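Here are my notes for a first look through this model. Have the sequence and the 3D view open side by side, and take the points in order.

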Amino acid sequence: GGPLLFLRVVVVVTVKGTANVIMDGVITNHQIVPGTNKTHSTLVITGEDLTALMNQMNLSGFPFPATPPEGRVALLLAKWSFLGIIPIIIPSIMMNEVMPTEAIPSQQGTDLAYIQALADQVGYVFYIDPGPWPGTSKAYWGPFVKTGIPQPALNLDMDAASNVESLSFNFDSQK
């Protein structure tokens, strides 16, 4: 195989003059389902956020001498800044560093796998949120923070109680 090519897609909704980024990612699959005499053709596009790109290349063995976990995360995310990824890194209070003369930590797996493993080691989470501006995304590495009020259930075909026009789900048993 040749190089992997990805098409980046940013979906922005403007409400009352304010642009809101609702999706920033790459297309991972596309399908065209031809129509018949009574139906239209359908284009189905599947995608993932920018972590899909971070999960492409295995760089196991890359050393990080005398660097705490949050420093390693910052260095790994710096190489993705060309995509507009803005790191938000909360330093961990879980310190378990070894002396550089005893061992040098090194990356295991892809950038995404290693960042997630470092988050797991200190009880943190890692995710990417689209926005706040088109072409940018926030990469959060820190403690799990739940904010906001619970949202109502999605209701379909329930007359006046419906709050969704259509809904579909997909389960891939291979993942």
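Which strands does helix H2 lie across, and at about what angle does the helix run to E4? Before the answer, a word on the ground rules. This is a predicted model, in which local features need pLDDT of at least 70 and side-chain atom pairs count only at pLDDT 80 or more, while totals for chains, interfaces and linings use all residues. Residues are numbered from 1 along each chain as its sequence is written, and side-chain values use heavy atoms, with hydrogens and water left out.

1. Helix H2 on the strands. H2 (residues 69-78) lies across E4, E5 and E6, and its direction is at about 175° to E4. Helices (H or I, at least four residues) and strands (E, at least two) are DSSP runs, numbered from the N terminus. Angles run from 0 to 180 degrees between N-to-C directions, with axes as lines fitted to C-alpha atoms, for helices over the stretch in contact. Helix H3 (residues 111-121) also packs on the sheet, touching E5 and E6, and makes about 125° with the direction of E5; contact here means heavy atoms within 4.5 Å.

2. Follow the order E4-E6-E5 and you have an open sheet of three strands with mixed pairing. Strand E4 (85-89) and strand E5 (125-130) each have a single partner strand, so one side of each has no neighbour in the sheet. From one strand to the next, the twist averages 20°. Two strands count as paired if DSSP finds at least two bridges between them.

3. E5 and E6 up close. These two pair in the antiparallel sense over six bridges, with E6 covering residues 137-142. Proline 130 has serine 137 in E6 as its bridge partner. In the loop between E5 and E6, look for proline 132: the peptide bond joining glycine 131 to proline 132 is cis, with omega about 15°.

4. Strands E1 (residues 7-15) and E2 (residues 18-33) run antiparallel and are joined by nine bridges. One of the pairings to check is valine 13 with asparagine 20 in E2. Two residues sit between the strands, and lysine 16 takes a positive phi near 50° in this hairpin. Is lysine 16 buried or exposed? Lysine 16 is exposed, at 84% relative accessible area. For the cut-offs, buried means under 20% relative accessible area, exposed over 50%, and partly exposed in between (1.4 Å probe, protein chains only).

5. Another positive phi. Alanine 66 has phi near 50°, a positive value in a residue other than glycine. You'll find alanine 66 in the loop between helix H1 (51-54) and H2, exposed at 61% relative accessibility.

6. Salt bridges. The whole structure has two of them, a salt bridge being a side-chain nitrogen of Lys or Arg within 4 Å of a carboxyl oxygen of Asp or Glu. In one, aspartate 24 meets arginine 8 at 2.7 Å, N to O. Aspartate 24 is in strand E2 and arginine 8 in strand E1, so the pair ties together parts 16 residues apart in sequence. Aspartate 24 is buried at 4%, whereas arginine 8 is partly exposed at 30%.

7. The lysine 79 pair. Lysine 79 and aspartate 111 meet in a salt bridge at 3.1 Å, N to O. This links distant parts of the chain, 32 residues apart: lysine 79 is in the loop between H2 and E4, and aspartate 111 is in helix H3. Lysine 79 is partly exposed at 39%, while aspartate 111 is buried at 3%.
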